[in-house]
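User: I have a model open and want to go through a few parts of it. Can we start with one of the helices?
Analyst: Fine, go ahead.

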Amino acid sequence: MIVKFFPHSKGKGSKPINYFLGNEKNREFARVLSGDPVVTEHLINATKYEHKYKSGVLSFTERADEISETDKFKIMTEFEQTLFPGLEPDQYDILWIEHSDKDIDANNPIGRLELNFLIPCQELRSGKRLQPYYAGSDKARVNAWKNIVNREIKTVDGQSLTDPDAPNRKRKVHNYIGTVNRPSPYDIKPKRTKSKDDLDTSSRDALRESINQHMLAMLSARGRLDDQKAVVHELTTGLGLTLERIAPTSITISHRACKDINGKPQRVRLEGGIYRKDFDAKDFTSKAQSDYETNHVRRRLRDDSIYADTMEKKTEYHKELYRDAVAPPALDIAVQPVIAAETLPNSIETLPVNDSAPTRPIHRPR
């Protein structure tokens, strides 16, 4: 399971709700698990702040029917506690919608589980701005919680959830950036380019795929690609590409023969483990996976420690920020009887309270 927060946060509440419920797209398997879409939409529309909502998804590789309903609600509840420590349930609103329409085929009519969430960015007692997630201060806590859930929750068959951080789960290249119909899985067959002019420049996607094929073949040749410096050298000197930009998670290049409609070279972004700033070829070996599995106790202790420390700090932050957000007094909605028992006329007979129907008629005053 991975946690992903979406960048969209502005506009009317109907837009994210229609997307999640499939009102703008035929989404047969959308299901509201918790919350009220109408209430959430009105709260988003009533929020006076620029960023009106925060949305995201808990995405699983397991199918929706492989995780029990009890565990789904357990995960949802713990996620809310992780985002809002120190707050009571009436201080925030969150809508949960399940999707199970990903990776459906003849053998798997029910797709992967996705638990989508939508949160209005307003604390409900005070009306102050509510920040459900800020990467700078919340990422470590949410990531630790994700690791704990992946370790503790089991499928209905008793299997552990997929660990997205395991070395054998790392994607060396990402070939379908911006493609509308993204195929799955994202496996690219390695194929070494014979010369600089052997790359497929018919389109930007074709160029990206031929580059990825070549780089995977070079990675399999020991000692050819060890770090990002070697990757950049192979792209520029080996393939004759023009380096446009280096980012922490990607490298952007261009090829003189791959041009747009205006005749200018198209910029092609390359993503995946190979193109990251922290790329190390050793991370993609079988030994890396073995070492990762051996250190499971150390990772568990680290996650537990990070989660406990960050939860305490976030709790203090929330309590200080919303210290004036006092719960409203309980409403006195006790129903008073129209006629007090002591003033009932003698001609009225009362029956004992039980689950059976009356055995004799009630005499009412005329």
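User: What covers the buried residues of helix 7?
Analyst: This is a predicted model. In it, the cover over the buried residues of helix 7 includes helix 8.

User: Which residues of helix 7 are buried?
Analyst: A288, Q289 and Y292 are buried in helix 7. Down the helix axis, the buried residues fall within an arc of 100°, so they line one face of helix 7.

User: And which are exposed on the other side of helix 7?
Analyst: S286, K287 and T294 are exposed there.

User: Which elements give two or more residues to its lining?
Analyst: Helix 4 (135-152), helix 7 (286-294) and helix 8 (296-321) do. Helix 8 gives the most, with 5 residues.

User: How many residues line that pocket, and which lie nearest its centre?
Analyst: The second largest pocket has 20 lining residues, and R151, D163, Y292, H296 and R299 lie nearest the centre. Y292 is also one of the buried residues of helix 7.

User: What is the lining like by class?
Analyst: The lining of the second largest pocket has 9 charged, 8 polar and 3 nonpolar residues.

User: Last one, helix 3. How far does it reach from first C-alpha to last?
Analyst: Helix 3 (residues 69-83) reaches 21 Å over its 15 residues, close to the 21 Å expected at 1.5 Å a residue.

User: Which of its residues are buried?
Analyst: In helix 3 the buried residues are D71, K72, I75, M76, F79, E80, T82 and L83.

How values were computed:
Residues are numbered from 1 along each chain as its sequence is written. This is a predicted model: local features need pLDDT of at least 70, side-chain atom pairs count only at pLDDT 80 or more; totals for chains, interfaces and linings use all residues. Side-chain values use heavy atoms; hydrogens and water are left out. On a 1 Å grid over the protein atoms alone, a cavity is a set of points where a 1.4 Å probe fits but cannot get out, and a pocket is an open set with protein on both sides within 12 Å along at least five of seven lines; lining residues have an atom within 4 Å of a point. Helices (H or I, at least four residues) and strands (E, at least two) are DSSP runs, numbered from the N terminus. Ala, Val, Leu, Ile, Met, Phe, Trp, Tyr, Cys and Pro count as nonpolar, Asp, Glu, Lys and Arg as charged, and the others, Gly among them, as polar. Buried means under 20% relative accessible area, exposed over 50%, partly exposed in between (1.4 Å probe, protein chains only). The arc is that of the directions from the helix axis to the C-beta atoms. Contact means heavy atoms within 4.5 Å. The expected span of a helix is 1.5 Å times one less than its number of residues.
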